[in-house]
Amino acid sequence: SEYSGTAPALTACGTTPAIVGNDTAGKLTIGSGATTSCTVTLATTYTNAPACVIAGDNTAGTYAATTSATVLTITSSADMASDVISYICMGRR
């Protein structure tokens with residue numbers, strides 16, 4: 001499936017966040033509790049920081065993605081608790 005492989009680890013993404021996916025594509029659900037940032041630690045290190053596109057289901061805020069070779073950081077201008085965010089990352093490993 002498009003989501004096979006090791007799922008990235010989630011840090012500071014609210015209480016009991018969930019993720020289905022891998023380093024290339026997936027969908028994450030932010031946990032409960034007020035949060036405007038979520039750190040997604042990739043399972044495999046990229047050669048360079050990948051280009052990632054994200055889209056979320058909360059129209060009250062604006063999402064942003066910043067990357068390094070090992071981490072995708074998602075931030076929002078509004079509380080992301082319980083938001084569902086899809087991502088796709090492209091880059092060389």
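A disulfide is taken here as a pair of cysteine sulfur atoms within 2.5 Å. This is a predicted model, in which local features need pLDDT of at least 70 and side-chain atom pairs count only at pLDDT 80 or more, while totals for chains, interfaces and linings use all residues. Residues are numbered from 1 along each chain as its sequence is written, and side-chain values use heavy atoms, with hydrogens and water left out.

A search of the whole structure finds two disulfides. One of them joins Cys13 to Cys38, with an S to S distance of 1.9 Å, and with 85° about the S-S bond this link is right-handed. The pair connects distant parts of the chain, 25 residues apart, since Cys13 sits in the loop between β1 (9-11) and β2 (18-21) and Cys38 in strand β4; strands (E, at least two residues) are DSSP runs, numbered from the N terminus. Both Cys13 and Cys38 are buried, meaning under 20% relative accessible area with a 1.4 Å probe, protein chains only.

Cys52 and Cys89 form the other disulfide, their sulfur atoms 2.1 Å apart. The torsion about the S-S bond of Cys52 and Cys89 is about 110°, so this disulfide is right-handed. Because Cys52 lies in strand β5 and Cys89 in strand β8, the pair ties together parts that are 37 residues apart in sequence.

The largest nonpolar core has 16 residues, and those with the most contacts inside it include Cys38 and Ile74; such a core is a set of buried Ala, Val, Leu, Ile, Met, Phe, Trp, Tyr and Cys residues joined through side-chain atoms within 4.5 Å. Strand β8 gives the most to this core, with three residues.

Note on methods: Buried means under 20% relative accessible area, exposed over 50%, partly exposed in between (1.4 Å probe, protein chains only). Helices (H or I, at least four residues) and strands (E, at least two) are DSSP runs, numbered from the N terminus.
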